[in-house]
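Please look through the sequence and the model shown here before reading on. The report that follows takes up a few selected places, one after another.

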Amino acid sequence: MPDTETRLTRGTAPLVAYILKQRSIAFRIFLLLLIVGAATGVRGLFGLFLPHVGFFSFYYPAVMIVTILAGWRFGLLAIALSIVVSTSLFLAPAQTLTTPVLSIISFSCAALLQLLLAQWLRTVLKQMERNENRFRQLVAATSAIVWTTDENGEVEEPQGGWTELTGMTWPSYRGRAWTNIVHAEDRAKVTFDAGNIDSSGAYHTEIRIKHTQTGWRWFAMRAVPIRDSSGNIREWITTISDVHARKLAGDRREIVIGELRHRLKNLFTVIGSIAQSSRPRNQPVVEQYIAKLSGRLQALSAAADLVMARRGVSLDLGEIVRATLAPFTEDRSGRIRIEGPPLQLDEQTGGPMALAIYELATNAIKYGALSAPEGRVMLNWRFEPDPRGRRVEIVWRESDGPVCVPPRRFGFGTRVIKFAASHETSGAVGIEYLPEGLRCRIGFIQVHGSPASDAKEPTLESIGIL
């Protein structure tokens, strides 16, 4: 953790701080008299050797210095006082009236321009100081280390918080020596160049740094380039934040999810094995029941594994389809065509969708297009804008199979298919028994922000197992 006081002591440059220092009226009057008096003394000294030098020449710097230190009002007083003093002391009695008047006018015009320039410079310095103070207070309010490097990632000045974090004292970490405290496997990540900048205009990475008290710890590094007017990188502003606890929690979570996936697969395998070993022999009806149960278990297992692998945020429909239809496409290469753009589904929809696709494929093998040698199945999906988000349509279309006729009664498989979009807004399923083949349309609306924005951790209930 960087020391706040240490970071705040590296403030505005001393010269800028002195220029912008708040001064009393009395002190500013003193500065006015002192600076104009010094200009008068220098003019008098040069006049001993160069009597013909212009008597206003030495008051230009005085006007600018007074304006920068005391403000434009005292700059105007400096112009007036310079005119009075110089004409009183250095105007020769033999000169005509025209000469000093022209000199006064030209001096006044030039001095006013200097006054404006000096006041503008004072304003710029104030804005710079305000921005720097704002930046330093922002740094003080964060728990991260904030430091600067040159365009090559080399440190050129002491950095607040680095000694407290690593124990390295200045100048032992000067240049690229600061990377010596970075883990050897992570040093390649701290090479700053324009090619590392992402779309947000910054470079992000996570590295291990040897903490002075606790040893190796994970830190998140974010470097933002500062460019000149030509677009070239001149320096990097870098923040380093401790993410060790989050990193360890993520690793533990990966282990837990991996274990959960393993146990879930074992559970499905055990259930399938129990069903297979418990069936009576020579019972065709039971054999059909076991085959259906095993297939549905495989479909659920594939969907559940996708949910766990994707951490329960969202599932890609293409992944669900290919995982579910994998057992059906092994010996039917080219007969099942799958097309559609990337489409994310909530895990609550992923499980029912996998079951619905499995039921459609099973029906196609038993009664539909896949029961004939030339039969084909086309599964595609698309979406289009909707005022509430986007409307999704998934179409299962069979062709070149036997003539399709409606069933005499609708069984559990039909109910599973019609349940596919029940978790989505305006979900609807339509099944058409056309002579050329079965056609199933699954439509729903994904509202703005779905499906991944409000997703929760995966549970057995969320994927349709319980």
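## Cysteines

Is Cys 109 buried, partly exposed or exposed? Cys 109 is partly exposed, because its relative accessible area is 47%, where buried means under 20%, exposed means over 50%, and partly exposed lies in between (1.4 Å probe, protein chains only). Cys 440, by contrast, has a relative accessible area of 1% and therefore counts as buried. If a disulfide is taken as a pair of cysteine sulfur atoms within 2.5 Å, the count comes to zero.

The model is predicted, so that local features need pLDDT of at least 70 and side-chain atom pairs count only at pLDDT 80 or more, whereas totals for chains, interfaces and linings use all residues. Residues are numbered from 1 along each chain as its sequence is written, and side-chain values use heavy atoms, with hydrogens and water left out.

Helices (H or I, at least four residues) and strands (E, at least two) are DSSP runs numbered from the N terminus, and two strands pair if DSSP finds at least two bridges between them. Strand S3 (residues 215-227) pairs with S2 in the antiparallel sense over nine bridges, and these strands form a hairpin with three residues between them. Within this pairing, Lys 210 has Trp 216 of S3 as its bridge partner.

S3 also pairs with strand S4 (residues 233-242), again in the antiparallel sense and over nine bridges, with Ala 220 opposite Ser 241 of S4. The hairpin of S3 and S4 has five residues between the strands, and Gly 231 there takes a positive phi near 90°.

## Arg 208

Arg 208 lies in strand S2 (residues 203-211) and counts as buried because its relative accessibility is 18%. Its side chain makes polar contacts (a pair of N or O atoms within 3.5 Å; within protein, one must be able to donate a hydrogen and the other to accept it, and residues adjacent in sequence count only if both atoms are side-chain atoms) with the side chain of Glu 185 at 3.0 Å and with that of Asp 186 at 2.8 Å. Leaving aside neighbours within four places in sequence, Arg 208 is in contact (heavy atoms within 4.5 Å) with residues including Ile 181, His 183 and Trp 218.

## The largest nonpolar core

A nonpolar core is a set of buried Ala, Val, Leu, Ile, Met, Phe, Trp, Tyr and Cys residues joined through side-chain atoms within 4.5 Å. The largest one has 35 residues, of which Met 353, Ile 394, Trp 396, Cys 440 and Ile 442 touch the most other members. Its largest share, eight residues, comes from H11.
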